[in-house]
Amino acid sequence: MNPDLTPDSVGLNQDALARLGASIQADIDSGKHFGASILVARHGQVAYQASFGTVAPGRAPSGEDRYLLMSMSKAYTATLVLKAIDEGRFGLDTRIADLVPGFGALGKQRATLRQLLAHTAGLPFGLVPPPLSLDKVGDLALKAAAMCALPAAYSPGTKCIYTSGLGYDLLGHILVITDPKKRDFNRIAQEDLFTPLGMVDSSFGCATDDPRRVPVSFTEANVGPTTPMLLRLFNEFLGAQAEMPSGNAYSTINDVFRFTEVLRGRGTAHGRRVLSPALFDYARQDHAPGLMNDATAFEVEARGLDDFPAHFSLLGGYVRGSGHILNATGHTASPQSIAAVGGASTGWMIDPERDLTVVFLSAGFIEGLRHIERVQRINDLALAAVDA
């Protein structure tokens, strides 16, 4: 952050940014999570950056903290897949069965790469495919083989079910088996994305004893029946060697911002062309039009919410689109705004019309759509700071 840069100089209202910070602090004070970091940039310049609370007992947040990005990792994986498409290794309409031996059975024959990216390929919601146990979450090849044996949950292209740890892990496996250099997934991400973009504090996989790693945690208000299992998953099973393209990336807040600059630049930033503008423009559209995210149907019904439209782009997250709907970008974001969300704790948003970028990372797991509601509120507060 440029110390000489003021919010006013990039058309951001300082009082509104103070209200954004106060809202985050209020969540901490009410026990919704422990700590958080926020970054707001305009025209590619960081105008507001703040940290709140604690990221572990007795540990204040720092710009050097490496957060588990959860499903925000999917944006990294999607970028690598689109990059491979730009390079001609396969296409959006390539059938998965043509790349992954054994996948084309049990109703999954017609599923395509585009459908995997948009969560419409017929796969179910899940962290690991049955019959695998949760401790196999980081075994990419084993998970891919198990997905081949799964029957389709629906006819590909007819519904949308957010696949959590399945679809994007299969995309990562496809990157591995089609890689001309025969690398594993974590190395592909490092060499083809993080290193070229100067993301020196990012990786897929992180040692569990890394002192900069922010542990996954739950406040007393958010503890539930699945808490012990999730703590083992995130703080034990997802170590340095785990390969989980759908959710095991670690980054600092400044590295996440470096990545979002690529998307703000329609595929190019930091002197690097990662994606073609043509493919980026196509990928940023709604690729699940008219579909609801059926993975959230139970919570929608239980809480009496309106349906949650899918609005999935091919960029590992959401596009705003139109209508008064629940969406991670914010109610007031422009229609072409995009966002990625890490279930329960993280999110970023880019509004191209206002040239605004927001990155939010938090310590403290909030399950389900309540996290989507939180990042929507945070993004709306950041959007309210735009004066011109």
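This is a predicted model: local features need pLDDT of at least 70, side-chain atom pairs count only at pLDDT 80 or more; totals for chains, interfaces and linings use all residues.
Q: What about the second largest pocket, what volume does it have and which residues line it?
A: The second largest pocket has a volume of about 210 Å³, and the residues that line it are Asp27, Lys32, Asn222, Ile366, Glu367, Arg370, Glu373, Arg374 and Arg377. By class, this lining has seven charged residues, with one nonpolar and one polar residue besides.

Q: Which element gives the most there?
A: Helix 11 gives the most to the lining of the second largest pocket, with four residues.

Q: Changing topic, which residues touch the most other members in the largest nonpolar core?
A: Those are Tyr76 and Trp348, in a core of 71 residues. Helix 2, residues 73-86, gives the most to this core, with eight residues. Apart from it lies another core, of 41 residues, with Leu17, Ala47, Leu326 and Ala333 among them.

Q: What does Trp348 touch, then, not counting residues up to four places away in sequence?
A: On that basis, Trp348 touches Met72, Ala75, Val256, Phe259, Thr260, Leu263, Ile338, Ala339, Ala340, Val358 and Val359. Trp348 also belongs to a cluster in which ring pairs link it with Tyr76, Phe185, Phe194, Phe204 and Phe259.

Q: How many aromatic pairs does the structure hold?
A: The structure holds eleven aromatic pairs. One of them is formed by Phe194 and Phe204, a stacked pair with 6.0 Å centre to centre and 25 degrees between the planes. Because Phe194 lies in helix 6 (residues 185-194) and Phe204 in strand 4 (residues 203-204), the pair ties together parts that are ten residues apart in sequence.

Q: Are those two buried or exposed?
A: Phe194 is buried, and Phe204 is buried as well.

Q: Why is the pair of Phe308 and Tyr318 called tilted?
A: The ring planes of Phe308 and Tyr318 stand at 45 degrees, with the centres 6.1 Å apart, so the pair is tilted. Phe308 is in the loop between helix 10 and strand 8 (318-319), while Tyr318 is in strand 8, ten residues apart. Phe308 counts as buried at 3% relative accessibility, and Tyr318 is also buried, with a relative accessible area of 8%.

Q: Now for cavities, how many of 30 Å³ or more does a search of the whole structure find?
A: The search finds three cavities of 30 Å³ or more. About 90 Å³ of space lies in the largest cavity, and strand 3 (67-68) and strand 11 (356-363) are the elements that give two or more residues to its lining. That lining has eight nonpolar and four polar residues, but no charged ones.

Q: Which residues line the second largest cavity?
A: The second largest cavity, with a volume of about 50 Å³, is lined by Leu80, Lys83, Ala84, Glu87, Arg89, Leu175, Ile188 and Asp192. Helix 2 gives the most to this lining, with three residues, and by class the lining has four nonpolar, no polar and four charged residues.

Note on methods. Residues are numbered from 1 along each chain as its sequence is written. Side-chain values use heavy atoms; hydrogens and water are left out. On a 1 Å grid over the protein atoms alone, a cavity is a set of points where a 1.4 Å probe fits but cannot get out, and a pocket is an open set with protein on both sides within 12 Å along at least five of seven lines; lining residues have an atom within 4 Å of a point. Grid points are joined across faces, edges and corners, and a volume is the space filled by probe spheres set on the points. Ala, Val, Leu, Ile, Met, Phe, Trp, Tyr, Cys and Pro count as nonpolar, Asp, Glu, Lys and Arg as charged, and the others, Gly among them, as polar. A nonpolar core is a set of buried Ala, Val, Leu, Ile, Met, Phe, Trp, Tyr and Cys residues joined through side-chain atoms within 4.5 Å. Buried means under 20% relative accessible area, exposed over 50%, partly exposed in between (1.4 Å probe, protein chains only). Contact means heavy atoms within 4.5 Å. Rings of Phe, Tyr and Trp (its six-membered ring) pair if their centres lie within 6.5 Å; planes under 30 degrees apart count as stacked, over 60 as edge-to-face and the rest as tilted.
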